[in-house]
Amino acid sequence: MEKNEENVATEATTAPADDSSKKPFHVRAWIFCTMLVLALVGMGLTMSREDGGWEFWIFLLAFYAIVSLFWAWQRAKQKQESVWKMARTQVFHWFSVLLIFGILVLFERTEIISREASANVALLMLALACILAGIHFEWTFLLVGIVLGIMAISVSYLEQFFVWLVMLPVILATGWSYLKIRKRRA
């Protein structure tokens, strides 16, 4: 009888663990998609606004930094590593990108660099920051950085209408990959 109760207790403790392991992936996939949608919005604002949409890019940078910090914080706690060392590294990484954004805004305001060029450089900087965050902190950012790099190339070489024709297959491929991975985990 006691053995039966132990099995029931063991099953009860393992069942929630299985649900929680699926939930973070689902949440991460949605956050990944949100990050891409926000980048698309930023690209549209950059192309349509006189000031290049700097406020949105800084918001986007802060959003990416918060997501990266949160994911790295969780991973450090799971691996029982120093949370403060990780947080310091993350903050330094994202603050450095913010500093570069500030320099770009200064260059644009003093007309050292054009608005279009500074917006493209900002997008490339964000792509590089995400790629490096993906290499050092969380692999999801690597994918975001690659898509942002494709967006930077699209903005640089294509007109506004054609950007969406290039990005549509990227969005569809991202969605398809998400569904395939989710189906494989189920």
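Mentor: Read along the sequence, the protein chain runs α-α-α-α-α-α. The model is a predicted one, in which local features need pLDDT of at least 70, side-chain atom pairs count only at pLDDT 80 or more, and totals for chains, interfaces and linings use all residues. Residues are numbered from 1 along each chain as its sequence is written, and side-chain values use heavy atoms, with hydrogens and water left out.

Trainee: How many helices and strands are in the protein chain?

Mentor: Helices (H or I, at least four residues) and strands (E, at least two) are DSSP runs, numbered from the N terminus. Here the protein chain has six helices and zero strands.

Trainee: What share of the residues counts as buried?

Mentor: Buried means under 20% relative accessible area, exposed means over 50%, and partly exposed lies in between (1.4 Å probe, protein chains only). Of the 186 residues of the protein chain, 36% count as buried. Accessible areas come from the Shrake-Rupley method with a 1.4 Å probe, and for residues only the protein chains shown count as cover. The accessible surface of the protein chain is about 11,800 Å², and carbon and sulfur atoms hold 68% of that surface.

Trainee: Which residues of the largest nonpolar core touch the most other members?

Mentor: A nonpolar core is a set of buried Ala, Val, Leu, Ile, Met, Phe, Trp, Tyr and Cys residues joined through side-chain atoms within 4.5 Å. The largest such core has 38 residues, of which Y64, W94, L126, F141, L148 and M151 touch the most other members. Two or more residues come from each of α1 (2-48), α2 (54-78), α3 (83-109), α4 (115-136), α5 (139-157) and α6 (160-185). Helix α2 gives the largest share, nine residues. A second, separate core has five residues, among them A72, V83, M86 and A87.

Trainee: What does Y64 touch, leaving out residues up to four places away in sequence?

Mentor: A contact means heavy atoms within 4.5 Å. With those neighbours left out, Y64 touches M35, A39, W94, L126, C130, F141, V144 and L148. For the chain overall, among contacts between residues at least 6 apart in sequence, 63% join residues at least 24 apart.

Trainee: How many aromatic pairs does a search of the whole structure find?

Mentor: A pair of aromatic rings is described by the distance of the centres and the angle of the planes. Rings of Phe, Tyr and Trp (its six-membered ring) pair if their centres lie within 6.5 Å; planes under 30 degrees apart count as stacked, over 60 as edge-to-face and the rest as tilted. The search finds seven aromatic pairs. The rings of F63 and Y64 have centres 6.4 Å apart and planes at 55°, so this pair is tilted. F63 is partly exposed at 24% relative accessible area, whereas Y64 is buried at 0%. Y64 also forms an edge-to-face pair with F141, at 6.4 Å centre to centre and 75° between the planes. Because Y64 lies in helix α2 and F141 in helix α5, the pair ties together parts that are 77 residues apart in sequence. Ring pairs link F56, F59, F63, Y64, W71, W94 and F141 into a cluster.

Trainee: Which side chains meet in a salt bridge?

Mentor: A salt bridge is a side-chain nitrogen of Lys or Arg within 4 Å of a carboxyl oxygen of Asp or Glu. The whole structure holds one salt bridge. The side chains of R109 and E108 meet at 3.5 Å, N to O. R109 is partly exposed at 48% relative accessibility, while E108 is buried at 10%.
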